[in-house]
Amino acid sequence: MAKILPILMLVVSNVFMTIAWYGHLKYPNSPLLKVVLISWGIALVEYCLAVPANRLGHTVYSAAQLKTMQEVITLLVFVVFSVLYLKESFTLNHLLGFTLIGAGAFFIFYGPLK
């Protein structure tokens, strides 16, 4: 459970952060101050999950592994959000770019090359 809980918390925190950062894009006529304040409130929930996730996660993962997980989770959550909520397309260019990022993540977790 010590390995899984931080990952689950990072996933949920990323959902909140993605909503805070990009949810307002469907409402371009909303006043910017209002959008910032609402996003801040949403981001607070994200922060309350991400900080403990990293604290707990650091007992079983290195900081580099946690950061890599965070980035991969962020991309996965963002892809789902942008396709389902923003109705944007997911192209081959996105797939190739994210695959290269995934390759980088592999090397972080693989360990030192010999």
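I took a salt bridge to be a side-chain nitrogen of Lys or Arg within 4 Å of a carboxyl oxygen of Asp or Glu. The model is predicted, so I kept local features only at pLDDT of at least 70 and side-chain atom pairs only at pLDDT 80 or more, while totals for chains, interfaces and linings use all residues. Residues are numbered from 1 along each chain as its sequence is written, and side-chain values use heavy atoms, with hydrogens and water left out.

Entry on charged pairs. I searched the whole structure and found one salt bridge. Lys 67 pairs with Glu 71, and their closest N and O atoms are 2.7 Å apart. The two residues stand four apart in helix H3, which means a separation of about one helical turn. Helices here are DSSP runs (H or I, at least four residues), numbered from the N terminus. I classed residues by relative accessible area (buried under 20%, exposed over 50%, partly exposed in between; 1.4 Å probe, protein chains only). Lys 67 is partly exposed at 48%, and Glu 71 is partly exposed at 34%.

Entry on Gln 70. This residue also lies in helix H3, and I recorded it as buried, at 16%. Beyond its neighbours within four places in sequence, Gln 70 is in contact (heavy atoms within 4.5 Å) with Leu 10 and Asn 14.

Entry on the core. I defined a nonpolar core as buried Ala, Val, Leu, Ile, Met, Phe, Trp, Tyr and Cys residues joined through side-chain atoms within 4.5 Å. The largest has eight residues, among them Leu 10, Tyr 61 and Met 69. Helices H1 (4-22) and H3 (63-84) each supply at least two of its residues, and H3 gives the most, with four.
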